[in-house]
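Reader: I would like to learn how to read the fold of a model from its contacts, its sheet and its helices. Could you take me through one case, giving the general idea before each example?

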Amino acid sequence: MTPFFRKKKDIPLGLWMKCPDCSKMVFTKTFEQNQNVCPECGFHIRLTAEHRIQLLVDEGSFEELASDLEPRDVLHFNDRESYEAKLKRNQAKSGSTEAVRGGRALLDGRPVNICAMDFGFMGGSMGVVVGERIAIVAEDALERRVPLVVIATSGGARMHEGALSLMQMAKTSAVIAKLREAHVPYITVLADPCTGGVSASFAAQGDVTLAEPGALIGFAGPRVIQGTIKRTLPEGFQRSEFLVDKGYVDRIVPRKKLKEEIATILDYLLPREVIEETPPEETPPEETATERVGGEPAPEEPASEEPASQATGEAVITPAAKTDADGESKNDVAKEDQANDVRST
Ligand SMILES: [Zn+2]
């Protein structure tokens, strides 16, 4: 017998997704094309370490460091599940061996060392290997004298490793201090959530601290604080927008602009002499020779680079200077034309 009502059409799994923040249904592909940011409300979904690195570095430039270091259950820790079993389960789920990955890369053509944490791997908790990987990548940045960029997201220290995990706060902080002494730039990007021992160590020590919009950033979570002080917390407490107001975060950068923004900051932070090393734009040698005034003989070898650039420093009228000299009236005409255009629209 045919049923009275029509059977619902099967919707393939994963074709649509519900934004965790605004609850609107969004086409999964649209979400992904938007770097996993909700096109409706701008909510930034958590990403894996691999995905974060992929979004920031130039294609094919990432060279992972310390990937052979893997966590071990040295304390034989058991809660509902043994630490060893938990590690295996998280490794299988995430396809990564630890909650952080790092290495050498190019960011918009600039050499950097980069580390990215993964909250999906045991809450991004910091155990011995997380601390060690960050320390190794930072030491390498120090040795190569290239900037270090760290994307930090974590629930804090990894309790399964007891005091050993707390020691990572000191270890990572010590390496960051060495970077500072050597004037090697260090930029942190705080992603949701960034709390506990990570927020209290290397994540808070950047020369520039950036944050993704709406990220929860703090040492203890708001519920714990509210329970302790028995007072209602202000609206937006511990979110990026609240913390940029208080000066804890320097700048909130949407994921889409992160690469561009970090590149600009690196240009500001890099030592002066490195910027000056880039060759200045040179006037073509033939033009310098023909425009030369004062009857001075042209250099014998105008094709060679050095005499030509020296000549531009002397009494030479370059084509650009020429237009400056008689360009005033032309500019006025252009301005008037522009004004007319504006009026006509
Ligand atoms: Zn949304």
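**Reading the fold**

Author: Of the contacts in the protein chain with a separation of 6 or more, 66% are accounted for by residues 24 or more positions apart, where a contact means that two C-beta atoms, placed from the backbone, lie within 7 Å. This is a predicted model, in which local features need pLDDT of at least 70 and side-chain atom pairs count only at pLDDT 80 or more, while totals for chains, interfaces and linings use all residues. Residues are numbered from 1 along each chain as its sequence is written.

Reader: How many helices and strands does the protein chain have?

Author: Helices (H or I, at least four residues) and strands (E, at least two) are DSSP runs numbered from the N terminus, and the protein chain has 13 helices and 9 strands.

Reader: In what order do the strands of the open sheet lie?

Author: Two strands pair if DSSP finds at least two bridges between them; here 7 strands form an open sheet in the order 3-4-5-6-7-8-9, with mixed pairing. Strand 3 (63–64) and strand 9 (251–252) stand at the edges with a single partner strand each, so one side of each lacks a neighbour in the sheet. Strand 6 (residues 148–154) and strand 7 (residues 186–194) run parallel and are joined by 6 bridges, and S154 stands opposite C194 in strand 7.

Reader: Which residues of helix 4 are buried, and what do they pack against?

Author: An α-helix has 3.6 residues a turn, so residues three or four places apart point the same way. A residue is buried if 20 or more other C-beta atoms lie within 10 Å of its own, exposed if 12 or fewer, and partly exposed in between. In helix 4 the buried residues are V129, V130, G131, R133, I134, A135, V137, A138 and A141, and they pack against strand 4, strand 5, strand 6 and helix 5 (162–181). Just after helix 4, R145 takes a positive phi of about 55 degrees.

Reader: Which residues have the most contacts inside the largest nonpolar core?

Author: In soluble globular proteins, nonpolar side chains tend to be buried together. A nonpolar core is a set of buried Ala, Val, Leu, Ile, Met, Phe, Trp, Tyr and Cys residues joined through C-beta atoms within 7 Å. The largest has 57 residues, and I114, I134, A138, A152 and L190 have the most contacts inside it. Helix 4 (residues 128–144) gives the most to this core, with 7 residues.

Reader: How many residues of helix 7 are buried?

Author: The count is 0 among the 8 residues of helix 7 (residues 222–229), which is hardly covered.
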